[in-house]
Amino acid sequence: MKVLRFRRWSAALAALLTTSALTVALGSTPAGAAGGTGTGYLHTSGNKIVDSTGATVRLTGINWFGMETDNKTFHGLWSNNPWRSQIDTMASLGYNTLRVPFSNDALKPGATASGVNDFVNPDLVGNSPLQILDKVIDYAGSKGMRIILDRHRPTSAGQSALWYVPSTPESTWINDWKALAQRYAGNTTVIGADLHNEPHAEGTNPAATGACWGCGDTARDWRLAAERAGNAVLSVNPNWLIFVEGVSCPSGGLSNVWDNDPSNDEDCGWWGGNLSKAGEFPVRLNVPNRLVYSPHEYATSVYRQAWFDAPDYPANMPAIWDKYWGYLHKQNIAPIMLGEFGTTLQAAVDKTWLQELMKYTGTGVNGMSFTYWSWNPNSGDTGGIAKDDWTTIDQAKQSILQPYLIPPVGGGGGPTPTPTPTPTVTPTTCQATYAVTNSWSGGFQGALTVKNAGTSTWRNWSASWTMPSGVTLGSGWNATVTQSGTTFTAKAPGHAADLAAGQSVVIGFTANGPSTPGASGIACS
């Protein structure tokens with residue numbers, strides 16, 4: 001039995017029985033600037049990820065999938081929310097890293113991206129999957145975010161237990177990784193390769209046909225394959241991190257549950273989630289300080305593992321996480337980057353699971369890194385941080401994750417220390433300009449650029465303007481944007497309340513109605 005997900009994967013134990021919007025100029029810096037995701041390329045030190053200066057970095061990111069599917073590009077590009085606006089929102093919420101799943105089909109010459117809303121994202125029309133990826137990387141980098149590339153599937157048809165299938169042999173897998181490593185060499189926004197998503201068991205033992213760990217069979221031993229691919233990537237780009245997921249059952253096969261002999265039933269876990277043998281059989285890379293282990297972990301909305309029904313739940317969970325992957329962090333063997341974890345949050349047991357898992361990862365910069373699954377609302381058994389309109393946020397999930405998020409520089413989000421009070425500038429020292437940056441049938445996207453032209457910091461900045469009758473606000477970013485009658489008002493967000501002398505903020509918004517005539521009566525306060 002398998003639990004069917006949007007990505008066609010399930011828990012192993014089941015088999016045993018996600019010019020448009022502009023950025024805030026205030027604090028906006030290119031990727032690599034000191035701050036949320038550090039400076040330059042990243043490497044490891046014990047159980048820490050550190051930047052080029054040695055400062056500890058915690059990746060607190062999110063998955064945006066679609067490039068691994070038949071669309072061969074990010075899902076949600078069909079929505080009314082422009083792609084840049086979606087990245088703006090991710091950054092403003094505090095997600096400093098994007099994990100980008102892809103399939104090898106999306107990398108083939110002539111690959112075509114589909115499911116792109118031409119009206120909302122006209123700059124993507126005619127772009128190949130890789131060209132769209134380039135644009136996402138460039139814009140995310142401008143927000144201070146980092147990118148992890150995840151080889152999610154060998155073909156867009158579905159996932160695979162092993163890292164190769166007949167149509168995508170190991171040589172293609174490795175060569176495509178080398179090509180990506182070369183394509184983004186020198187671009188510090190792209191920090192590494194998640195080599196293969198969720199290797200897992202297939203076949204009933206002793207006739208195992210799935211991915212094992214430490215079994216020594218080169219056709220099935222995921223640990224050995226990760227070494228081959230990781231070293232090939234590092235031979236092209238020695239600056240990348242190599243993210244290695246676990247397996248489900250270390251033997252690579254499923255236990256025979258019909259023999260009524262529990263003594264020989266193997267201890268399995270989630271697909272990609274079992275790193276229990278990595279301590280005994282570590283991944284060995286030719287470039288030191290590049291290995292990050294990346295397990296997956298899910299709740300009952302994906303599959304109801306036995307431990308969710310234990311009498312001592314949730315007190316039993318830390319020991320389970322310790323056994324499968326947490327020991328690698330606790331024993332200072334290597335960093336953990338929890339590559340996927342998620343839930344619909346519809347069950348109370350799942351809410352408890354998410355709260356306890358986040359506690360387990362630790363708070364602050366020294367906690368374990370993670371990328372939540374997912375931004376996309378169309379993940380069938382987890383849902384997303386974005387709701388079905390790709391704009392509204394699932395606040396119940398976000399509230400649990402928020403205390404653990406470390407926002408990118410320029411992205412904002414999350415609690416920050418209250419700044420020292422400074423004088424407020426008068427409206428006469430404010431300069432504002434308005435432009436329509438995009439339009440489509442029935443709506444448009446606008447940008448109001450507000451500059452502090454004074455000599456002192458403008459605290460709790462705000463601006464207002466008048467739109468023609470019949471124009472209604474859709475969404476806003478880089479400020480709290482509201483509408484009252486024909487008056488639109490933008491107030492400083494809590495994470496970027498002050499505008500220093502000479503700096504600007506670009507307030508983006510979408511609206512329904514005609515784009516002309518434009519804004520009038522612009523005022524600052």
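User: Quick one to start: which cysteine does Cys-249 pair with in a disulfide?

Analyst: Cys-249 is joined to Cys-268, with an S to S distance of 2.0 Å. Keep in mind that this is a predicted model.

User: Okay, and what's the handedness of that link?

Analyst: The link of Cys-249 and Cys-268 is right-handed, with 120 degrees about the S-S bond.

User: Where do those two cysteines lie?

Analyst: Cys-249 and Cys-268 both lie in the loop between strand E8 (241-244) and strand E9 (291-293), so the bond ties together parts that are 19 residues apart in sequence.

User: Are they buried or exposed?

Analyst: Both Cys-249 and Cys-268 are buried.

User: How many disulfides does the structure hold?

Analyst: Three. Another joins Cys-212 to Cys-215, S to S 1.9 Å. Then there's Cys-430 with Cys-524, their sulfur atoms 1.9 Å apart.

User: What parts does the Cys-430 and Cys-524 pair tie together?

Analyst: Cys-430 sits in strand E14 (residues 430-440) and Cys-524 in strand E23 (residues 520-524), so the bond ties together parts that are 94 residues apart in sequence. Cys-430 counts as buried at 14% relative accessibility, and Cys-524 is buried too, at 11%.

User: And Cys-215, what does it count as?

Analyst: Cys-215 counts as partly exposed, at 37% relative accessibility.

User: What pattern do the disulfides follow along the chain?

Analyst: Counting bonded cysteines along the chain, the pattern is 1-2, 3-4, 5-6.

User: Switching topic: which residues have the most contacts inside the largest nonpolar core?

Analyst: Those are Leu-149, Trp-222, Trp-240 and Tyr-293, in a core of 100 residues. Leu-149 touches, among others, Val-100, Phe-102, Trp-177, Tyr-184 and Trp-240. Apart from that core lies another, of 22 residues, including Val-450, Trp-461, Leu-499 and Ile-507.

User: How much of the chain counts as buried?

Analyst: 59% of the 525 residues. The accessible surface comes to about 18,500 Å², and 53% of that belongs to carbon and sulfur atoms.

User: What about secondary structure, how many helices and strands?

Analyst: Eight helices and 23 strands.

Terms used:
Residues are numbered from 1 along each chain as its sequence is written. This is a predicted model: local features need pLDDT of at least 70, side-chain atom pairs count only at pLDDT 80 or more; totals for chains, interfaces and linings use all residues. Side-chain values use heavy atoms; hydrogens and water are left out. Helices (H or I, at least four residues) and strands (E, at least two) are DSSP runs, numbered from the N terminus. Buried means under 20% relative accessible area, exposed over 50%, partly exposed in between (1.4 Å probe, protein chains only). Accessible areas come from the Shrake-Rupley method with a 1.4 Å probe; for residues, only the protein chains shown count as cover. A nonpolar core is a set of buried Ala, Val, Leu, Ile, Met, Phe, Trp, Tyr and Cys residues joined through side-chain atoms within 4.5 Å. Contact means heavy atoms within 4.5 Å. A disulfide is a pair of cysteine sulfur atoms within 2.5 Å. Lists of a residue's contacts leave out its neighbours within four places in sequence.
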